[in-house]
Amino acid sequence: MRWRSPLILITATLCACSPGADDEEMAQQAATEQAAADTMAMAMAAYDPSAFDTISWDDPAAAVERGATVFRFSCQKCHGPNGYGDARFVMNGDTLRPPSFHAEDWPYADDRDALREQVYIGSLDGMPHWGLEGLKYRDVDAVALYIQAELRN
């Protein structure tokens, strides 16, 4: 019976030192946040604003039409059909609340270069890194044009 006391003591010590559910959740959240930061860094490194210098549209209406298609398939599920940020898309159990393109303080209202960069790079708040997700620079340009020309007016 003497051997039971040290075994119980060792077991209790190991249980007290092993990570609990809260520690595991915190570690998992930290890993998720680090992965998101790494992906954001990759998107920023891949972004080349000079790529837009080679894009030209024969017909501005064709650019807007292409932008509408890209918006419908890539942006509308979060930003809503009219860009008010009201689509209530759920990601990882959270309802995303993207900004409205119609807000007076929306920072990309008149800055197409900044909007193209935002679309390409995405954000840590849930906006996909569209440049890494497969949107070509031409599609990024078209959707930025569509948002500013059609949804903001």
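Colleague: C75: buried or exposed?

Modeller: C75 is buried, because its relative accessible area is 8%. Buried means under 20% relative accessible area, exposed over 50%, and partly exposed in between (1.4 Å probe, protein chains only).

Colleague: And C78, buried or exposed?

Modeller: C78 counts as buried, at 12% relative accessibility.

Colleague: How far is the sulfur of C75 from the closest cysteine sulfur?

Modeller: It is 8.6 Å away, in C78, so too far for a bond. A disulfide here is a pair of cysteine sulfur atoms within 2.5 Å. By that rule the count is zero disulfides.

Colleague: Before we go on, what are the ground rules?

Modeller: This is a predicted model: local features need pLDDT of at least 70, side-chain atom pairs count only at pLDDT 80 or more, and totals for chains, interfaces and linings use all residues. Residues are numbered from 1 along each chain as its sequence is written, and side-chain values use heavy atoms, with hydrogens and water left out.

Colleague: Fine. How many helices and strands are in the chain?

Modeller: Six helices and two strands. Both are DSSP runs (helices H or I, at least four residues; strands E, at least two), numbered from the N terminus. Along the sequence the pattern reads α-α-α-β-β-α-α-α.

Colleague: How many residues does the largest nonpolar core have?

Modeller: It has 30 residues. Such a core is a set of buried Ala, Val, Leu, Ile, Met, Phe, Trp, Tyr and Cys residues joined through side-chain atoms within 4.5 Å. Those with the most contacts inside it include F71, W106 and Y137.

Colleague: Which elements give two or more residues to this core?

Modeller: They are α2 (21-46), α3 (60-79), α4 (112-121) and α6 (137-151). The most come from α6, with eight residues.

Colleague: What does F71 touch?

Modeller: Leaving out residues up to four places away in sequence, its partners include F101, V143, Y146, I147 and L151. Contact means heavy atoms within 4.5 Å.

Colleague: Switching to E117. Where is it?

Modeller: E117 is in helix α4. It counts as partly exposed because its relative accessibility is 36%. Setting aside residues up to four places away in sequence, E117 touches Y47 and G122.

Colleague: And what separates the C-alpha atoms of E117 and D141?

Modeller: 9.6 Å, with the two residues 24 apart along the chain.

Colleague: Last one. What share of the chain's residues counts as buried?

Modeller: 33% of the 153 residues.
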